[in-house]
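Subject: Structure handover

Hi,

Here is the structure I promised to pass on.

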Amino acid sequence: MSRIGKLALPLPSGVTLTVADGVATVKGPKGELKQNIDPAFTITQENGVVTIKRPSEEKHHKALHGLYRALLGNMVEGVSKGFKVDLELVGVGYKATAQGNVLELSLGYSHNVFVALPPEIKVKTAQEKGQNPLIMLEGIDKQLLGQVAAKIRSLRKVEPYKGKGIRFVGEQVRRKAGKAAAK
């Protein structure tokens, strides 16, 4: 049996889960999320705890069992607490400014890069003297938030020699030595 799939999912106060026509809907204080679920799976709620049962022991059902538990867990956490991703820009002259849901990045190219973010994602930027510029992304959908953060990071990947580029806060970058001095 799936170790993740058989874990019970506690619902915090203020969060409700409804399943109808193969769509699971989770509502909470921060918003509402929906996810398609295979109708063969049974989702039950008892005393504020959600359990997911799979219909058979087929390999396909075993794979989906843990997946649906993880997706529902992320949805519950998102509508109750929310998710946050911080990116830092490492490089001389790298800047970030946010105007509404449009992020303007100066990444050493001959032009500024503009990124239009989905309305579900909130963005803030910070630049303190002596520190690298920061981009702070917040949202309730973990999957969408990760996808947007990866898209922003792909605009200037971290290079291994000087460590310049966009990276997650706290990310360890493997550095290469470069050429040895000639003599």
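In which sense do strand 1 and strand 6 pair, and over how many bridges? The pairing is antiparallel, and 2 bridges hold strand 1 to strand 6, which covers residues 49–53. Leucine 9 faces valine 50 of strand 6 across that pairing. Before you go further, keep in mind that this is a predicted model.

**Strand 12 and its partners**

Strand 7 (residues 83–90) runs antiparallel to strand 12 and is joined to it by 6 bridges. In that pairing, lysine 84 sits opposite glutamate 138 of strand 12. Strand 12 also pairs with strand 11 (residues 122–126), again in the antiparallel sense, over 5 bridges. There, threonine 125 has isoleucine 135 of strand 12 as its bridge partner. As background for reading these pairings, side chains in a regular strand alternate between the two faces of the sheet.

**Rings**

How many aromatic pairs are there? The count is 1. Phenylalanine 41 and tyrosine 68 have ring centres 5.2 Å apart and planes at 90°, which is over the 60 degrees cut-off, so the pair is edge-to-face. The two residues come from distant parts of the chain, 27 residues apart: phenylalanine 41 is in the loop between strand 4 (31–36) and strand 5, while tyrosine 68 is in helix 1 (residues 59–80).

Are these two residues buried or exposed? Phenylalanine 41 has a relative accessible area of 6%, so it counts as buried, the cut-off being under 20%. Tyrosine 68 is buried as well, at 9% relative accessibility.

There is also a charge over a ring to look at: arginine 156 lies over the face of tyrosine 109, at 4.3 Å from the ring centre.

**The largest pocket**

By residue type, the lining of the largest pocket splits into 4 nonpolar, 3 polar and 3 charged.

**Two positive phi values**

Aspartate 21 has phi near 55°, a positive value in a residue other than glycine. Aspartate 21 sits in the loop between strand 2 (16–20) and strand 3 (23–28). With 81% relative accessibility against a cut-off of over 50%, aspartate 21 is therefore exposed.

Asparagine 47 also has a positive phi, near 55°, and is likewise a residue other than glycine. Asparagine 47 is found in the loop between strand 5 and strand 6. Asparagine 47 counts as exposed too, at 82% relative accessibility.

That's the lot from me.

Cheers

Notes
Residues are numbered from 1 along each chain as its sequence is written. This is a predicted model: local features need pLDDT of at least 70, side-chain atom pairs count only at pLDDT 80 or more; totals for chains, interfaces and linings use all residues. Side-chain values use heavy atoms; hydrogens and water are left out. Two strands pair if DSSP finds at least two bridges between them. Helices (H or I, at least four residues) and strands (E, at least two) are DSSP runs, numbered from the N terminus. Rings of Phe, Tyr and Trp (its six-membered ring) pair if their centres lie within 6.5 Å; planes under 30 degrees apart count as stacked, over 60 as edge-to-face and the rest as tilted. Buried means under 20% relative accessible area, exposed over 50%, partly exposed in between (1.4 Å probe, protein chains only). A charge sits over a ring if NZ of Lys or CZ of Arg is within 6 Å of the ring centre and within 35 degrees of the ring normal. Ala, Val, Leu, Ile, Met, Phe, Trp, Tyr, Cys and Pro count as nonpolar, Asp, Glu, Lys and Arg as charged, and the others, Gly among them, as polar.
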